[in-house]
Amino acid sequence: MEGHLVSRKITLQEVQAHWPSREKDVYKGNFGHVLLIGGNERMGGAIQLAANACILSGAGLTTVATAGSNLPAIHSVRPEAMVVAWEAIEDWRELMANKDTLAIGPGLGGEPSSFIAIMKALQPLIQEKVVLLDADALTLYSQFEDELAFLSEAKGLIFTPHVGEWRRLCQEKIAPTDKEKVLDYAQNKHLTLVLKGAPSQVFLGRQGLIYENTRGNPGMAIGGMGDTLTGILAGLVGQFQSVDSAILSGVFLHSYAADLIYQKDYVVIPSRLAASLPEVMKNLEGKNV
Ligand SMILES: NC(=O)C1=CN([C@@H]2O[C@H](COP(=O)(O)OP(=O)(O)OC[C@H]3O[C@@H](n4cnc5c(N)ncnc54)[C@H](O)[C@@H]3O)[C@@H](O)[C@H]2O)[C@@H](O)CC1
Ligand SMILES: Nc1ncnc2c1ncn2[C@@H]1O[C@H](COP(=O)(O)OP(=O)(O)O)[C@@H](O)[C@H]1O
């Protein structure tokens, strides 16, 4: 039956109540090292947007693995990022070993062999990692689902499809409005599923819960907005007590920051949204220093 399950709401009050404050003596190692993988020669902007949002949402350290041609652009826009050209990577496992969160997909392109090589390198490390698949990585996942079943053993597994990617993921078998079946899908795969839309829904497969976002606006209908969400989510994972609270808070933060811009602007430019994050997060923390 469609729409049978009741969703909880992700509200400003709830997000504010659980927003973490930074202790006085923290250092970058307390907030996670994120590895972002994506950005082929044509879509370097996608991984750049993700890296920008990841850093500006407070990740302790951010490393980007991308096509070599993207390195100068990323360095010049976000010197805080460490950047590795994927042509030069001889051992993906070594690169992944000291990273806590891996986000794969923005601008990756659809070429299967390098994706499978990355996934094979990840397999022995899977239980220590939080893994987020987005964009082209979701399309590739839908083609190699059986080989990638090991992903369910990850410390945290997050998929962030828009409706087009969702259709591919479920082989057109589950309507995005059929919450019961979407939750079943997330539960079977031990997955936190962010089904992006207006509004976005979050299916917490490991807890059997569904949340609906209460923010977002039509100014967000612009390329790069999902890449920005991926950066925010990856950036928050190392800053929250649990993966699920980071994802719920991140989905809210993304659209809340967009709503603040939409009050004045007709369209919400993704890099502008990212630039506003440190201040918006400070207000969500709500603690006077
Ligand atoms: N600056 C850049 O380099 C950018 C790169 N991008 C990258 O472009 C690649 C392809 O992503 P796309 O999403 O464009 O293409 P996809 O082919 O993955 O998805 C688009 C298809 O899904 C359908 N669809 C149905 N509902 C949809 C919805 N609510 N939102 C979006 N599509 C919906 C569309 O009609 C279309 O057929 C990704 O790697 C992405 O990261 C984009 O994010 C745009 C910006
Ligand atoms: N009309 C809208 N109302 C609310 N949120 C929207 C609207 N349009 C887009 N969004 C949000 O913007 C983001 C778009 O993501 P996506 O389609 O993956 O972008 P891209 O692939 O170009 O980076 C999602 O988080 C989605 O929820």
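This is a predicted model: local features need pLDDT of at least 70, side-chain atom pairs count only at pLDDT 80 or more; totals for chains, interfaces and linings use all residues.
**Close-up views of the two ligand sites**

View 1. A nitrogen atom of ligand 1 lies 3.5 Å from a polar backbone atom of Gly-164. An oxygen atom of ligand 1 is 2.9 Å from a polar backbone atom of Gly-107. The side chain of Asp-227 also takes part, with a polar atom 2.8 Å from an oxygen atom of ligand 1. On its own, ligand 1 exposes 850 Å², of which the protein buries 52%.

**View 2. The shell around ligand 1.** Ligand 1 is surrounded by 18 residues, the closest being Gly-107, Asp-136, His-162, Arg-168 and Asp-227. Helix α7 supplies the largest share of this shell, 5 residues. By class, the shell holds 6 nonpolar, 7 polar and 5 charged residues.

**View 3. Polar contacts of ligand 2.** The backbone of Gly-197 places a polar atom 2.8 Å from an oxygen atom of ligand 2. A polar backbone atom of Asn-217 is 3.3 Å from a nitrogen atom of the ligand, and one of Met-225 is 3.4 Å from an oxygen atom. Of the 570 Å² of accessible area that ligand 2 has on its own, the protein covers 77%.

**View 4. The pocket and shell of ligand 2.** Ligand 2 takes up the space of the largest pocket. Among the 17 residues around it, Lys-196, Gly-197, Gly-224, Gly-226 and Asp-227 come nearest. Helix α9 (residues 225-237) gives the largest share of the shell, 3 residues. The shell of ligand 2 comprises 6 nonpolar, 9 polar and 2 charged residues.

Key
Residues are numbered from 1 along each chain as its sequence is written. Chains are lettered from A and ligands numbered from 1 in the order in which they are written. Side-chain values use heavy atoms; hydrogens and water are left out. A residue is near a molecule or strand if one of its heavy atoms lies within 4 Å of it. A polar contact is a pair of N or O atoms within 3.5 Å; within protein, one must be able to donate a hydrogen and the other to accept it, and residues adjacent in sequence count only if both atoms are side-chain atoms. Accessible areas come from the Shrake-Rupley method with a 1.4 Å probe; for residues, only the protein chains shown count as cover. On a 1 Å grid over the protein atoms alone, a cavity is a set of points where a 1.4 Å probe fits but cannot get out, and a pocket is an open set with protein on both sides within 12 Å along at least five of seven lines; lining residues have an atom within 4 Å of a point. A molecule sits in a cavity or pocket if more than half of its atoms lie within 2 Å of its grid points. Helices (H or I, at least four residues) and strands (E, at least two) are DSSP runs, numbered from the N terminus. Ala, Val, Leu, Ile, Met, Phe, Trp, Tyr, Cys and Pro count as nonpolar, Asp, Glu, Lys and Arg as charged, and the others, Gly among them, as polar.
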